[in-house]
Amino acid sequence: MTDIQNIQNVSDCVPLYLPHSLYLKPLAKMTISVSLPVNKTGKSISHLDVMEKLSAALKPDKFFVLKASKSTLEFIRFEAELEDRKKLRSATSRLDGATLRLSGFSESFRVRAVEAKDDFPTRHDWDSFFRDASNMDEMKAGERPDTIHLTHLPIRWFCPRHMENEENVKPSESIFKRIFEKFGSVRIVDIPVCDPYRNKMNADINGMKTFSYEHGVLFEAYVQFDEYVGFVRAMDDFRGMKLVRKFVDKTQAININVTFDKTKHLSDAQILRRERVRKRLIQKAQTEEEEREKKKKDELERQERERSEITFFI
């Protein structure tokens with residue numbers, strides 16, 4: 001499930017890369033917990049019924065996303081999202097402390113609602129991680145806070161426009177690099193799905209942390225900045241945002257994941273290891289192809305000899 005959403009409100013979108021109509025839009029997420037009364041009747045509690053009551057309590061606003069994330073005998077927890085962040089505070093206040101009445105139950109269901117906690121890494125998170133990591137050398141690229149890892153990116157939003165409707169299309173590393181150059185000088189980018197040999201490499205170097213090579217819809221990518229300031233600017237701009245793509249007839253959005261790389265993926269040592277493995281894989285593929293061609297040729301020669309022998313015998 002790619003979770004690509006069609007959105008209507010674009011008033012709060014900020015440009016990311018206009019040549020590809022890419023924007024960033026503030027997230028408006030909340031967490032809702034509905035306490036369940038002691039169920040002595042054994043009657044099941046429908047998540048759908050509870051969601052309908054929550055939607056009614058939120059009016060005149062509407063949920064953009066509402067789905068159950070956890071259910072116990074004591075409570076049901078929902079992840080919710082509005083389309084407009086400006087309405088988040090008032091919507092949360094309206095729900096928090098509200099009570100719901102469901103048919104078949106004499107007791108009310110109490111609601112608690114809070115703005116969802118932002119798990120986006122802070123400057124303290126990455127600074128402390130690299131400061132305390134004994135296996136990192138801050139003098140080396142990839143072993144300091146300079147590399148961003150992004151996942152859940154739609155492939156067709158990052159490929160050349162004339163190829164968007166083609167089958168088996170891949171994202172463009174050059175386009176991806178240009179997008180991030182607005183934040184600062186980019187040393188290197190890496191999109192694992194663009195490398196046909198990457199899924200044959202060991203997990204400790206292939207960089208494929210989230211999606212399988214065959215997924216075909218979403219991809220993950222790494223971007224490394226020459227300077228710390230570029231890394232910080234990019235992280236600050238993506239914090240609390242979703243990715244938006246404007247089309248002629250619609251606008252779509254998707255929640256992506258952005259964090260700092262802790263694996264030295266774009267360190268010189270790891271890049272060199274991948275290049276060495278890639279060369280071996282290429283050589284192996286060439287050898288196997290030559291062997292297949294040789295077997296094919298030998299088989300054709302054998303068939304030709306058999307035909308000649310049959311013709312001579314006749």
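Which residues in helix 4 are buried? I first noted the ground rules: this is a predicted model, where local features need pLDDT of at least 70 and side-chain atom pairs count only at pLDDT 80 or more, while totals for chains, interfaces and linings use all residues. Numbering runs from 1 along each chain as its sequence is written, and side-chain values use heavy atoms, with hydrogens and water left out.

**Entry 1, helix 4.** I looked up burial and got I175, F176, I179 and F180 as buried in helix 4. They sit on the same side of the helix because they cover an arc of only 130° around the axis. That arc is taken over the directions from the helix axis to the C-beta atoms. Buried means under 20% relative accessible area, exposed over 50%, partly exposed in between (1.4 Å probe, protein chains only). Helices (H or I, at least four residues) and strands (E, at least two) are DSSP runs, numbered from the N terminus. Next I checked what covers these residues: the list includes strand 2, strand 3, strand 9, strand 10, strand 11 and helix 6.

**Entry 2, cavities.** I searched the whole structure and found two cavities of 30 Å³ or more. On a 1 Å grid over the protein atoms alone, a cavity is a set of points where a 1.4 Å probe fits but cannot get out; a pocket is an open set with protein on both sides within 12 Å along at least five of seven lines; lining residues have an atom within 4 Å of a point. The second largest cavity comes out at about 40 Å³. Its lining includes F176 and F180, and strand 9 and helix 4 each supply at least two lining residues. By class I get nine nonpolar, no polar and no charged residues there.

Of the 34 lining residues, L27, K29, D119, N255 and I256 are the closest to its centre. I256 also lines the second largest cavity. Strand 6 gives the largest share of the pocket lining, four residues. The classes here are 15 nonpolar, eight polar and eleven charged.

How many disulfides does the structure hold? I count zero, with a disulfide being a pair of cysteine sulfur atoms within 2.5 Å. The sulfur of C159 has its closest cysteine sulfur in C194, at 10 Å, so that is too far for a bond. C159 counts as buried at 0% relative accessibility, whereas C194 is partly exposed at 27%.

Technical notes. Points joined across faces, edges and corners; volume = space filled by probe spheres on them. Nonpolar A, V, L, I, M, F, W, Y, C, P; charged D, E, K, R; others polar. Contact = heavy atoms within 4.5 Å.
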